[in-house]
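This briefing concerns the nonpolar cores of a predicted model and the packing of one of its helices. The points below are grouped by topic.

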Amino acid sequence: MSLYLEQIRQLVALQRVDDAIHSVEMELEQAPKELEELKKRFAAANTQRERVLEKLAHLKEQEKRIAGELDDDSTRIKKSKNKMMQVSNSREYQAMAREMDNMEKVNRSREEERAALLEEKLHQDNALQEVDAIWADLKAELEAKQISLETRQDEACKRLDELAQVRSETGSAVPRPVLDRYEFIRRRLSHPVIVPVTAGVCSGCRIMIPPQTFIELQGGHKIINCPNCQRLIYWVEHFNEETNQTADEMAHDAE
């Protein structure tokens, strides 16, 4: 294996460790976001639930008011009927009849209002059942997610400690100048640092590299940066050749 291929192999091995670290870090970053999103959904469901409960409380007060008014109306109508039986002339009777008619109209209006109120109360009861089901599910999910988050974070932190040790060991195999170059790019660019070039296209930025650069890359004499994204690049076929060469050597040793 040439010195160039050995250095590329070392850098790719380091990149794989950094890939694992990046994945764990993304998990640590994403998990709290998932919890916050769930909290928002639960808060929205809770607000909706409270609104329905407020409407039901108001409807119950209205129902109580109307029931009292209907009882009062019933009492007044009953008293008026008794008075009608005691009137001595037609003028008083007609006055009492008009009063009775007005009271009965008011009574019918209140009955209609109560019917509409009861219909709305039934509607709100159904709405409460629906929102209660969603609210309960989200509450249970939120409680489980909070416990799970703590476990996931603990596991992720342990994993990062393990990967930090692996990275230290992997990085120690890379020559210092090459490692410094890798770290310099890593501090300035988004993940990843070193990427393969396939069919003349950098897999980091998805842009075709210039023909002359591609020729130099295929030559395999020095580590090259992508002219566009500045990541370190290597020709994917070099690794295929390395794999094939290793397989041939193993077959030869077996003979």
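The largest nonpolar core holds 29 residues, and Leu217 and Ile233 are the members that touch the most others within it. At least two residues of this core come from each of helix 1 (3-84), helix 3 (176-188), strand 1 (194-198), helix 4 (211-219) and strand 4 (232-235). With six residues, helix 1 gives the most to this core.

**Cores**

- Not counting residues up to four places away in sequence, Ile233 touches Tyr4, Ile8, Ile194, Val195, Val197, Cys202, Ile209, Leu217, Ile224, Asn225 and Cys226.

**Helix 3: length**

- Helix 3 comprises 13 residues, and the distance from its first C-alpha to its last is 18 Å, close to the 18 Å expected at 1.5 Å a residue.

- Val178, Leu179, Tyr182, Glu183 and Ile185 are the buried residues of helix 3.
- The buried residues of helix 3 are covered by elements including helix 1, helix 2 (90-172), strand 1, strand 3 (224-225) and strand 4.

Note on methods
Residues are numbered from 1 along each chain as its sequence is written. This is a predicted model: local features need pLDDT of at least 70, side-chain atom pairs count only at pLDDT 80 or more; totals for chains, interfaces and linings use all residues. Side-chain values use heavy atoms; hydrogens and water are left out. A nonpolar core is a set of buried Ala, Val, Leu, Ile, Met, Phe, Trp, Tyr and Cys residues joined through side-chain atoms within 4.5 Å. Buried means under 20% relative accessible area, exposed over 50%, partly exposed in between (1.4 Å probe, protein chains only). Helices (H or I, at least four residues) and strands (E, at least two) are DSSP runs, numbered from the N terminus. Contact means heavy atoms within 4.5 Å. The expected span of a helix is 1.5 Å times one less than its number of residues.
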